[in-house]
Amino acid sequence: MRPSHVLLTFTRLWLPIGIAIAGVIAIVVGGGTDSGTSAVGVGLLIVALIVWLLNLMFRLSVASNRDREREEEARRYFDVHGKWPDE
């Protein structure tokens, strides 16, 4: 595995999972009492969700850019040949 692939996998998968596990542990240790530990656990769960959503939005943005590039290539082909590439 390339180092960049390992870092990407860690960021997309293991980082949010690790943060969520830490949040669940904090909630369990806090025991639902008025201690701040349970609140920290809930906060960590929210942070894990935010990290996961940011990764998802970035992947969707990259996919959208690829779609735009394909469309631009098809338009250039149309300008040169007078027909769409899939016709």
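A quick word on the ground rules: the model is predicted, so local features need pLDDT of at least 70 and side-chain atom pairs count only at pLDDT 80 or more, while totals for chains, interfaces and linings use all residues. Residues are numbered from 1 along each chain as its sequence is written, and side-chain values use heavy atoms, with hydrogens and water left out.

**The helix pair**

Let's start with H1 (residues 3-30) and H2, which pack at an angle of about 165° with their axes 7 Å apart. H2 itself covers residues 36-81. Helices here are DSSP runs of H or I with at least four residues, numbered from the N terminus. The axes are lines fitted to C-alpha atoms, over the stretch in contact for helices, and angles run from 0 to 180 degrees between N-to-C directions.

The crossing of the two, H1 and H2, is left-handed, meaning that the near helix is turned anticlockwise from the far one by less than a right angle. By class, 16 nonpolar, 7 polar and 2 charged residues make up the contact of H1 with H2. In that scheme Ala, Val, Leu, Ile, Met, Phe, Trp, Tyr, Cys and Pro are nonpolar, Asp, Glu, Lys and Arg are charged, and the others, Gly among them, are polar.

**Residues along the helices**

Looking back from helix H2, where Asn 55 is found, Asn 55 is in contact with Thr 11 and Arg 12, leaving aside its neighbours within four places in sequence.

Thr 37, also placed in H2, touches Ala 26, Ile 27, Val 29 and Gly 30, again not counting residues up to four places away in sequence.

How open are these spots? Buried means under 20% relative accessible area, exposed over 50%, and partly exposed in between (1.4 Å probe, protein chains only). Here is how some of the residues sort out.

| Residue | Relative accessible area | Class |
|---|---|---|
| Arg 12 | 29% | partly exposed |
| Thr 37 | 32% | partly exposed |
| Ile 50 | 44% | partly exposed |
| Asn 55 | 14% | buried |
| Arg 70 | 52% | exposed |

Arg 12 and Asp 67 sit 55 residues apart in sequence and 22 Å apart in space. For Ile 50 and Gly 23, 27 residues apart in sequence, the distance is 13 Å. Thr 37 and Gly 18 are 19 residues apart along the chain and separated by 17 Å. Arg 70, which is found in helix H2, is 12 residues along the chain from Phe 58, with 19 Å between their C-alpha atoms.

**The aromatic pair**

How many aromatic pairs does a search of the whole structure find? The search turns up 1. The ring centres of Phe 78 and Trp 84 are 4.9 Å apart and their planes are at 25°, so the pair is stacked. Rings of Phe, Tyr and Trp (its six-membered ring) pair if their centres lie within 6.5 Å; planes under 30 degrees apart are stacked, over 60 edge-to-face, and the rest tilted. Phe 78 is partly exposed at 34% relative accessibility, and Trp 84 is partly exposed as well, at 28%.

Technical notes: Contact means heavy atoms within 4.5 Å.
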